[in-house]
Amino acid sequence: MSVLVVAALAAEAARVPDGLDVVVTGLGKTAAAVAVTAALCGRDREGLAVVNIGTAGALRDGLDGLHEIGTVLNHDINADVLRSLGVDPHEVIELGRPGAVLASGDLFVHNPVDKARLAERADLVDMEGYAVAYAGRHFDVPVRLVKHVSDNADGTALDWPAALDRSARALGAWLEENL
């Protein structure tokens, strides 16, 4: 099996072990969806798996370290309204393994109101995981999401750049041990 490692930023992928294929997408769901789609279109997908690594904000007290994601949801789509109009927005993707619930959206969560709203449905928050999972599902390529808690999705989130190297080290070590 071959693996495509996907990260939003080069800083998150800075400790990926040598020899692994890496795609850096840029921030947010749109950039991630486009980059992953382009990468998957341009290669043989037989036996390929995607592993999305990156940072995440903790939506609940006491969450830290590494988390593999079991469910990812698109948190900034008005799914209930779309369903009432007869459209299924497919805003929840089950990844086929136990793990944390990740909310993905283009909103950088750093205030208590947004954090509390998301904590009703998820454990962690990021900006790309849903898009990576969605692209993988579209191309029938298995996807794993592995996130390292960089902040508490509150005022500390504004210190996120300072946490990137610590997260990159933890993510690189996970890749070394698990791939």
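## Helix 4

The buried residues of helix 4 are G129, Y130, A131, V132, A133, A135 and G136. Buried means under 20% relative accessible area; over 50% is exposed, and partly exposed lies in between (1.4 Å probe, protein chains only). Helix 4 spans residues 129-138, and seven of its 10 residues are buried, so this helix is mostly covered. Helices (H or I, at least four residues) and strands (E, at least two) are DSSP runs, numbered from the N terminus.

This is a predicted model: local features need pLDDT of at least 70, side-chain atom pairs need 80 or more, and totals for chains, interfaces and linings use all residues. Residues are numbered from 1 along each chain as its sequence is written, and side-chain values use heavy atoms, without hydrogens or water.

Now look along the chain. R137 and I93 are 44 residues apart in sequence, and their C-alpha atoms are separated by 8.8 Å.

Which residues does R137 touch, once those up to four places away in sequence are set aside? They are H90, V92 and I93. Contact means heavy atoms within 4.5 Å.

## Two positive phi angles

H90 sits in the loop between helix 2 and strand 5 (92-94). H90 is not a glycine, yet its phi is positive, near 50°. Most residues other than glycine have a negative phi. H90 counts as partly exposed, because its relative accessibility is 36%.

How does D140 stand, buried or exposed? D140 is exposed, because its relative accessible area is 70%.

## E12, a buried charge

Find E12 in the loop between strand 1 (2-7) and strand 2 (21-24). E12 is buried, but it has no salt bridge. A salt bridge needs a side-chain nitrogen of Lys or Arg within 4 Å of a carboxyl oxygen of Asp or Glu. For E12, the nearest side chain of opposite charge is K147, 6.3 Å away. (Lys and Arg count as positive, Asp and Glu as negative; His and chain ends are not counted.)

What does the side chain of E12 reach instead? Another is T55: a polar contact of 2.9 Å joins the side chains of E12 and T55. A polar contact is a pair of N or O atoms within 3.5 Å; within protein, one must be able to donate a hydrogen and the other to accept it, and sequence neighbours count only if both atoms are side-chain atoms.

Leave aside the residues within four places in sequence. E12 is then in contact with A7, I53, G54, T55, W160, L164, A168 and L171.

## D114 in helix 3

D114 belongs to helix 3 (residues 112-119). Why does D114 count as buried? Its relative accessibility is 15%.

The side chains of D114 and N111 are joined by a polar contact of 2.8 Å. Leaving out neighbours within four places in sequence, D114 is in contact with L107 and V109.
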